[in-house]
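Reader: I would like a close look at one part of this model. Please keep it brisk.
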Amino acid sequence: MQSTAYIWAKVLSYLEQQLSSTVVATWFDDTEIVELTDSSMTVFSPVELRRDTISRRWIPNIQDAMQVLFDMNVSVKLVGEEQLKSVREAGSHPDFIKNNPQFTFQSFVVGASNRFAHGAALAVANKPADAYNPLFIYGQSGLGKTHLLYAIAAEIHRQHPEFNIVYIKGDQFTNELIEALRVGDNFKFRSKYRNADLFLVDDIHFIAGKESTQEEFFNTFNALYENHKQIVLTSDQPPSGMLKLEDRLKTRFEWGLTADIQPPDYETRMAIIKNKAITLGVEMPDDVCSYIAENITTNIRQIEGTVKKIMAYRDLAHIELDVASVSRAIKDMYKDNASSLPTPSLIISEVSRYFSIEEHILRGTLRNKGTAEARQIAMYLIRNLTQCSLPDIGKEFGRDHATVIHSIRKVETMLKDPTAPMKNTIRDITANINNRL
């Protein structure tokens, strides 16, 4: 599951194309997603006039963006300061379980690629704080990490309805900490998390590199662990691969059990396709299932989205469920080599996120050591992952091609040193880029 910050950034980019950059800058510059489920989205804006205008004029545009970009059909609600408090306080109540009843152990398709993680999650659900604590599940986006997180919560809530279950995403933990520091309400913030019986954190990698957030999370982790409370974390990489994460947190994340989820094999993809089709009320022919399983291989979310699209084509275009018709319906959902190349903007976005540097600063003229190195890495990755020419790369940063050549060669020189961390940095950023393709 992508972070809400990433999802909202994509939505705003889409709205700029549909409306204009001026409209988005004027009316959406202080907005953010504060709650997102499969069927609803809550957006915060502190100014009443902006909330009213967005609600009156552009909610259909937002819904269209979510449908096109993420295949999500959501209702959209705008909230202000007072309503925001109630939304955030609701995080201590397991409403997210009620809003996502489909994410259970019963609906999770088990295969060779995820059997270990599934078994570990089930053990934790049956014996919280006894089996494996913490449980750390990692893998690429869309492989079922969040499904297992919700399944653990649902099963523990069924067996222990008195448990205080707290679910949060890594970036939301940071945002709430910032708000608590701003209003001087650290006690309330800490009480919310340190009184949990089950603490679930999705996308924990987003706290890496954020000093105050890591300090607060370290203390929260210790308090929960010492009180024998269950902790479950998910990430797109193992603790050892999170280079900007403090060593003391890496060590604690590895105290319990680390379980990975790999992309599903052919048999698992077939089972997922058939299960999803049955859920949607249709029995998919074996040859059609096989065609989908052979061509849609990236992740489970993409597979499920493909089945939904086929069902929509069947109902709206009245196509037959045969291989020929299905191949035409989903041809845009699997990529050839040319179309799967990342864009320079995506690469710059991921480099900025990795180094916690604003994109406009990365593209700008600031020359301190950290920013300069991040800029050089971005140029190197654009050169190696895209078909952009040196002048094209220079235009992205307002530099000439000679500067680009110098930057690329500097990174290449550092990569030759086996003791330097550059190789791991390039690897991690490249993995993050591939996860967003």
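In what order do the five strands of the open sheet stand, and is the pairing parallel or antiparallel?

Author: This is a predicted model. The open sheet runs β5-β6-β7-β4-β8, and its pairing is parallel. Two strands stand at the edges: β5, residues 165-169, and β8, residues 257-260. Each has a single partner strand, so one side of each lacks a neighbour in the sheet. From one strand to the next, the twist averages 15 degrees.

Tyr138 stands opposite Asp260 of β8.

Most residues other than glycine have a negative phi, and most peptide bonds are trans. Pro134 lies in the loop between α7 (115-126) and β4. A cis peptide bond joins Asn133 to Pro134, with omega about 0 degrees.

Asp203 has phi near 60 degrees. Asp203 sits in the loop between β6 and α11 (211-226). Its relative accessibility is 6%, so Asp203 counts as buried. His228 has a phi of about 60 degrees. The loop between α11 and β7 (230-235) holds His228. With a relative accessible area of 61%, His228 is exposed.

Terms used
Residues numbered from 1 in each chain as written. Predicted model: local features only at pLDDT ≥ 70, side-chain atom pairs only at ≥ 80, totals over all residues. Heavy atoms only, no water. Pairing = 2+ DSSP bridges. Helix = DSSP H or I, 4+ residues; strand = E, 2+ residues; numbered from the N terminus. Axes fitted to C-alpha atoms, helices over the stretch in contact; angles between N-to-C directions. Buried < 20%, exposed > 50% of the residue type's maximum accessible area, 1.4 Å probe, protein only.
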